[in-house]
Amino acid sequence: MRLSQFHLATVKEVPADAEIASHRLMLRTGMIRKLAAGLYTWSPLGLRVLRKVEKVVREEMDRAGAIETLMPTIQPRELWEETGRWEKFGGQLLKIKDRKEQEFCYAPTAEEVVTDFARNELKSYKQLPINFYQIQTKFRDEIRPRFGVMRAREFLMKDAYSFHLTQDSLQQTYDAMYQAYTRIFTRLGLKFRAVQADTGAIGGNASHEFQVLADSGEDALVFSDGSDYAANIEKAEALAPTTARPAPAAALTRVDTPTQKTIEDVAAFLKVTPAQCVKTILVRGSEGLVALCVRGDHEVNEVKAGKLAEMPGDSVLASEEEILALTGTRPGFIGPAGLPAEIPVIVDRSAAVLADFACGGNQDGTHFTGANWERDARVTRVEDIRKVVEGDPSPDGQGNLRMVRGIEVGHVFQLGKKYAEALKATVLDENGKAQVMLMGCYGIGVSRIVAAAIEQRHDEAGIVWPEPMAPWRVAVCVINPKNAPEITQAAEALYAELNARGVETVLDDRGLRPGAMFADMELIGIPHRVVISERGLAAGTLEYRARHEAEARAITQDELFGLLG
Ligand code: ATP
Ligand code: MG
């Protein structure tokens, strides 16, 4: 590609709301331009990268035996009613009407449509297993679209759906997809980790997320320093302490704490550590408020809380008014001792082994010290409801947990019969009997990968693409083209030779000052830069610089070809 005939439009200033490096760099390079919240145009430069990711994903899906399809992004309400998700999917589902007032949604995912396709296409167990995939635009009306294409509203996803007669067969395809994903992210040159994941609203059993490791990642991940255990913090089990609860030694005492709001304030005032306090959070259960009690130095895991029998499937904090109405107390002073009898008290495993602890006094401006379970505070049930913390024992019993942050770029899960049952997607088995199929589904955030890669690979000068994702592998920069025809000729000849060798090359023939040209090539992250100058031409060398190296060096043309492989 000749840059003079391309549309490269790098910019110096980016909006202040571009908080993370990848967002800033995608705007500065001009890879994307914002149309509206969560909606972006991919410029010619950005699209080159997006297509590269797409190509690797497609090749590995094909290699793993999946078959490509393309499904509509506009999907009828009736189909979504069949699975109950027209309502259940919530605010992320963009609903639209056509001119006949018929209702549709813009696909946030495609389980409904693919299962409808499968129920019509697949008649016999002999057609199974089969794995359909597509690379197609999705829309989710995210509450907080941010970080550019990282969490956009419209984005490009690869989604695959497999169909099976048996669990064994589902497991096999699941394992094959897990391997395919491992190959994809390895080929793309990313540092990633597969972690056990919660299956969320979609249901089902086994699930893993593929996470690109980056400090700016929205997901907290834990892994064991003594085994290969790794999980999203949402999923990671906090084991019960091995120590028993000591017998009560102190008397329950009410203490005035008029100005102490946070656990830290209260603990400091009472001269105890947060670990000797119990923090009580009231959430909205299916039949009224539910109290969740964790140690003061721990946090409630909302995903675990959402799964409690008392909960409607998610965990939403009770409002100050609700809490006041039921308990006569403001939220900061709620505690398990003396709560109204209709509120179930769910106690975390670690909080349950405390004795003589401090907690809210259920009267504004007061706390208790010397509180004890059973004696002073009801325990409806002890459960695992907290987030694990650094240093906790690994749930597999080997080693301790460490924490890192990640960006979810892929997700595989076994859906079981959930969708096939709802949509009556059956095939005839060997005995001619109709059987509901089992399903797996496998997503990759194709557009998110582009941002995730930048997040992991950049420096002060710009993007440092892993080679398979770079818009071009080589940039040939022409200095002073107007004054020295032999330089232009040499650059043209090298450009032609690289193209003939199948090396994707960009010729910077814009006639810019060297500084501006180099800054652009570094910003857009071209892995290999070659400069043809008068001096080099005389010496028979090229000035070469690898993007990740600090210095340029003189090499011959043959050395260049050698290093490009
Ligand atoms: P997240 O927790 O980040 O919202 P998700 O669990 O909702 O992701 P899936 O439903 O599993 O995501 O979708 C498959 C993949 O699509 C994700 O692994 C992610 O890479 C990508 N993805 C999901 N939401 C977005 C978004 N708003 N913008 C860009 N990519 C997204
Ligand atoms: Mg989401």
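# Exercises on salt bridges, a ligand shell and paired strands

Counting every side-chain nitrogen of Lys or Arg within 4 Å of a carboxyl oxygen of Asp or Glu as a salt bridge, the count comes to 47 salt bridges. This is a predicted model, in which local features need pLDDT of at least 70 and side-chain atom pairs count only at pLDDT 80 or more, while totals for chains, interfaces and linings use all residues. Residues are numbered from 1 along each chain as its sequence is written, chains are lettered from A and ligands numbered from 1 in the order in which they are written, and side-chain values use heavy atoms, without hydrogens and water.

## Exercise 1

Task: Find which elements hold Arg284 and Glu322, and state how accessible the two residues are.

Solution. 
- Step 1. The side chains of Arg284 and Glu322 form a salt bridge, with N to O at 2.9 Å.
- Step 2. Arg284 is in strand S14 (residues 278-285) and Glu322 in helix H9 (residues 320-327), so the pair ties together parts 38 residues apart in sequence. Helices (H or I, at least four residues) and strands (E, at least two) are DSSP runs, numbered from the N terminus.
- Step 3. Buried means under 20% relative accessible area, exposed over 50%, and partly exposed in between (1.4 Å probe, protein chains only). Arg284, at 36%, is partly exposed, and Glu322, at 26%, is partly exposed.

## Exercise 2

Task: Decide whether Asp520 is buried or exposed, and locate its salt-bridge partner.

Solution. 
- Step 1. The partner of Asp520 is Arg510, with the closest N and O atoms 3.1 Å apart.
- Step 2. Asp520 belongs to helix H13 (residues 514-523), whereas Arg510 sits in the loop between strand S27 (505-508) and H13; the two are 10 residues apart.
- Step 3. Asp520 has 10% relative accessibility and counts as buried. Arg510, with 24%, is partly exposed.
- Step 4. Elsewhere, shared partners join Lys55, Glu59, Glu60, Arg63, Arg183 and Arg187 into one network of salt bridges.

## Exercise 3

Task: Describe the polar contacts and the shell of ligand 1.

Solution. 
- Step 1. A residue is near a molecule if one of its heavy atoms lies within 4 Å of it. There are 14 residues around ligand 1, and Arg140, Glu142, Arg151, Ala152 and Glu408 come nearest.
- Step 2. A polar contact with the ligand is a pair of N or O atoms within 3.5 Å. A nitrogen atom of ligand 1 is 2.8 Å from a polar backbone atom of Ala152. An oxygen atom of ligand 1 lies 3.0 Å from an N or O atom in the side chain of Arg448, and an oxygen atom is 3.4 Å from a polar backbone atom of Val409.
- Step 3. On its own, ligand 1 has 580 Å² of accessible area, of which the protein covers 83%; such areas come from the Shrake-Rupley method with a 1.4 Å probe.
- Step 4. Strand S8 (154-164) and strand S20 (401-416) are the elements giving two or more residues to the shell. S20 supplies the largest share, 4 residues.

## Exercise 4

Solution.

How values were computed
A polar contact is a pair of N or O atoms within 3.5 Å; within protein, one must be able to donate a hydrogen and the other to accept it, and residues adjacent in sequence count only if both atoms are side-chain atoms. Ala, Val, Leu, Ile, Met, Phe, Trp, Tyr, Cys and Pro count as nonpolar, Asp, Glu, Lys and Arg as charged, and the others, Gly among them, as polar.
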